[in-house]
Amino acid sequence: MSSGNIVERLRAMAANLDQFPRDKVEDELSEAADVIERLRAELDKYLPPVETPVPPAPSPADGG
């Protein structure tokens with residue numbers, strides 16, 4: 001099952017999970033994780049993560 005894109009391979013495996021040995025599934029998941037990590041690193045280079053504002057912690061005077 002080495003041809004095709006990773007998403008198609010994972011979908012095919014998920015549909016017929018009982019037909020694949022666990023180590024094969026683990027290998028495919030590991031490959032997918034590597035692709036995701038590389039993509040995220042590239043994305044961070046071009047579009048840095050957006051800083052989300054952190055709401056202030058409630059003070060004891062506010063009943064928090």
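Predicted model: local features only at pLDDT ≥ 70, side-chain atom pairs only at ≥ 80, totals over all residues.
Local features need pLDDT of at least 70 and side-chain atom pairs count only at pLDDT 80 or more, while totals for chains, interfaces and linings use all residues. Residues are numbered from 1 along each chain as its sequence is written, and side-chain values use heavy atoms, with hydrogens and water left out.

**Exercise 1.** Find which residue forms a salt bridge with glutamate 31, and state which parts the pair ties together.

Solution. A salt bridge is a side-chain nitrogen of Lys or Arg within 4 Å of a carboxyl oxygen of Asp or Glu. The partner of glutamate 31 is arginine 9, with the closest N and O atoms 2.9 Å apart. Arginine 9 lies in helix H1 (residues 6-15) and glutamate 31 in helix H2, so the bridge ties together parts 22 residues apart in sequence. Helices are DSSP runs (H or I, at least four residues), numbered from the N terminus.

**Exercise 2.** Classify arginine 9 and glutamate 31 as buried, partly exposed or exposed.

Solution. Buried means under 20% relative accessible area, exposed over 50%, and partly exposed in between (1.4 Å probe, protein chains only). Arginine 9 has 6% and is buried. Glutamate 31 has 35% and is partly exposed.

**Exercise 3.** Describe the salt bridge between lysine 24 and glutamate 28.

Solution. The N to O distance is 3.1 Å. Both residues lie in helix H2, four residues apart, about one turn of the helix. Lysine 24 is partly exposed at 26%, whereas glutamate 28 is buried at 4%. Both belong to a network of salt bridges that also links Arg9 and Glu31.

Conventions
Helix = DSSP H or I, 4+ residues; strand = E, 2+ residues; numbered from the N terminus.
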